[in-house]
Amino acid sequence: MPAPGRCYRYFPAALAGETLRHLLVGRQEIFESLFDEADRASASRTPRFFLLVGDRGAGKSHLMSLLYRRIRDELSGRMIPVDLAGEEYSIFRASDFFLRVLAGMGVETADVAALGEDSMVREAAVERIAASAGGRQVVVFVENIHEVFSQMERREVRALRSVFQRRDDLSVVASAPSLFSGVLDHEEPFYNFFRVFHLRELDCDEAKDLMRRVAEVDGDTAFIENFGDYEPGIEALRHLVGGNPGLMVRLYEILSQCGAGKVAEAFFRLADEQTPYYREVFRRLPGQRRLILDTILAAETPLSPKEVAGRARLNLATVNAQLRRLEAEGYVVSRPMKKRTTYEARDRLFRMWRAMRQPAGRDRVFALIGFLEAWHGRPAAVDVSYRGAPGVMEGVAPPNRIAAGGREDVLAALREAEGQTDDPGRFVQFALDLAREELLAGNRANGLSLIRAAYAHAGSLDPATARRMTAGFLKRLAGAGEVSAVGSAVREIVASGGAGWKGLLKPVTDALAIVEAKDTRLYYTRLQPEERAVVAGIVRAITGSEELGPGG
């Protein structure tokens, strides 16, 4: 492990190699594959052209910086790595590109640039690169290559490809946030030219591992020592924002400042910080495309092109064309399902950021955050021994008491104490425990009666405590695999607890709908990405299998 220092989110090249290696999480396999390919290319003198594709914060710069260093340190006898600036604002011609490569190699370029005619400058620069390399391959690292191409006229992009095609001593490792028209469109010079590597999101365990490693680099011993307290919140936040490494690093920084259990605060701070970027996204898009993206972002569910056209009041053919463009640019993703295709935002945090700008959207976000806090939180610590039940031993868990023959005594005591309990927390927890046992035993009327009794007192509790008790109750009930029992319980909670519970328990009702209909298409017609994994987990808990998962 490297010595504590500082983790730079936007400038990984400033970090020591040991630190970069320590922070490489979920990317080891792709890193080794890229290096092995570079090794083989240098040995056989055959060029390679790689394009790393991933959203902002996906780890492209980190991976490229680490690959650059390893090639420099281990393959210097056969390869010269050249790292262009992360943002190249002055490359407008192919000649500019090759002059920048020469400068990156430390070679003087004044006499080449003084040749005058641009084609002569370009060819002279290419020849000097070869001469200066001394028989070694030159591998050029280009971040945000889509921006480089956008600055160049098409004939200059064509000239760039022409050089790459006829030379065997030039390779390129490039990055872009998505596949763009310069590599997607058939008529473009670089169509089908790069071997593409997509950087996936980190799963939950990888996200937690990355946070721990960043804390080690930062020397944040308090975060590491109390990591167990942070885990439920991290799991909840991972569902909300996805597994983007850059966002995970920022969430670590926020959580380490505001403390464990602050899921809502951490989420709102993170979303608020993205405001300048998301506003810039809208500003860059032309009118119709902006309207279509905003229509998708603001929707409660993924939308078909026909639904987008209706809401945006645009021609369907226009919508289809613009949706294809938005997907190519990485803003939306499509989900084909037999005769129906739906579209949703690719960046789930972008969608939630937009939703929070509308009252109804804010309500949905608040409800989901409340559910995730409760579902992933630790069970509320409540003493559930009930001393009012005659003939029942104190401190014995409810199932044991019932098995010992005290069911009727306990139920009678609860009914008697319902209107006069001075400890609503203990009463609610105990009533829910017994309700679960009654429902699973087939005593539906008793179970629902106990749920009504519990929620008559739940309003006296701290809302977070009531939500945790409810989540724990439903998780244990779902784990028994009794679909009808879970459905009955949810309906009774909503009826007894009030309207707020309907929004809060939406993930459970969505899961029940999928299980009852045995229709996995509902994941992509009713649910947004941040809801999908949550609902899939509940479906898995109820069914005990992966058969009805999103990919099932």
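Q: Why is Cys258 called buried?
A: Its relative accessible area is 15%. Buried means under 20% relative accessible area, exposed over 50%, and partly exposed in between (1.4 Å probe, protein chains only). The value for Cys258 is under 20%, so Cys258 is buried. The model is predicted: local features need pLDDT of at least 70, side-chain atom pairs count only at pLDDT 80 or more, and totals for chains, interfaces and linings use all residues. Residues are numbered from 1 along each chain as its sequence is written, and side-chain values use heavy atoms, with hydrogens and water left out.

Q: What class does Cys204 fall into, and why?
A: Cys204 has 24% relative accessibility. That lies between the 20% and 50% limits, so Cys204 is partly exposed.

Q: How many disulfides are there?
A: A disulfide is a pair of cysteine sulfur atoms within 2.5 Å. By this rule the count is 0.

Q: What makes a set of residues a nonpolar core?
A: The members are buried Ala, Val, Leu, Ile, Met, Phe, Trp, Tyr and Cys residues, joined through side-chain atoms within 4.5 Å. The largest such core has 134 residues, and Phe267, Leu293 and Phe473 touch the most other members. Apart from it lies another core of 41 residues, including Phe49 and Val163.

Q: Which residues does Phe473 contact beyond its neighbours within four places in sequence?
A: Contact means heavy atoms within 4.5 Å. The partners of Phe473 are Leu432, Ala435, Arg436, Leu439, Ile451, Ala489 and Ile493.

Q: Why do Glu253 and Arg250 count as a salt bridge?
A: A salt bridge is a side-chain nitrogen of Lys or Arg within 4 Å of a carboxyl oxygen of Asp or Glu. The closest N and O atoms of Glu253 and Arg250 are 2.9 Å apart, so the pair qualifies. Both residues are buried.

Q: What separates Glu253 and Arg250 along their helix?
A: About one helical turn, because they are 3 residues apart in helix H13 (residues 245-258). Helices (H or I, at least four residues) and strands (E, at least two) are DSSP runs, numbered from the N terminus.

Q: What makes Asp433 and Arg476 a salt bridge?
A: Their closest N and O atoms are 3.3 Å apart, so they meet the 4 Å limit. The pair links distant parts of the chain, with Asp433 in helix H22 (residues 424-440) and Arg476 in helix H24 (residues 463-479), 43 residues apart.

Q: Why is Lys60 said to have no salt bridge?
A: Lys and Arg count as positive and Asp and Glu as negative; His and the chain ends are not counted. The nearest side chain of opposite charge to buried Lys60 is Glu143, 7.0 Å away. That is beyond the 4 Å limit, so no salt bridge is counted. Instead, a polar atom of the Lys60 side chain lies 2.7 Å from the backbone oxygen of Gly54.

Q: Why is Arg313 called exposed?
A: Its relative accessible area is 75%. Arg313 sits in the loop between helix H17 (305-312) and helix H18 (316-328). Its phi is near 55°, a positive value in a residue other than glycine.

Conventions. A polar contact is a pair of N or O atoms within 3.5 Å; within protein, one must be able to donate a hydrogen and the other to accept it, and residues adjacent in sequence count only if both atoms are side-chain atoms.
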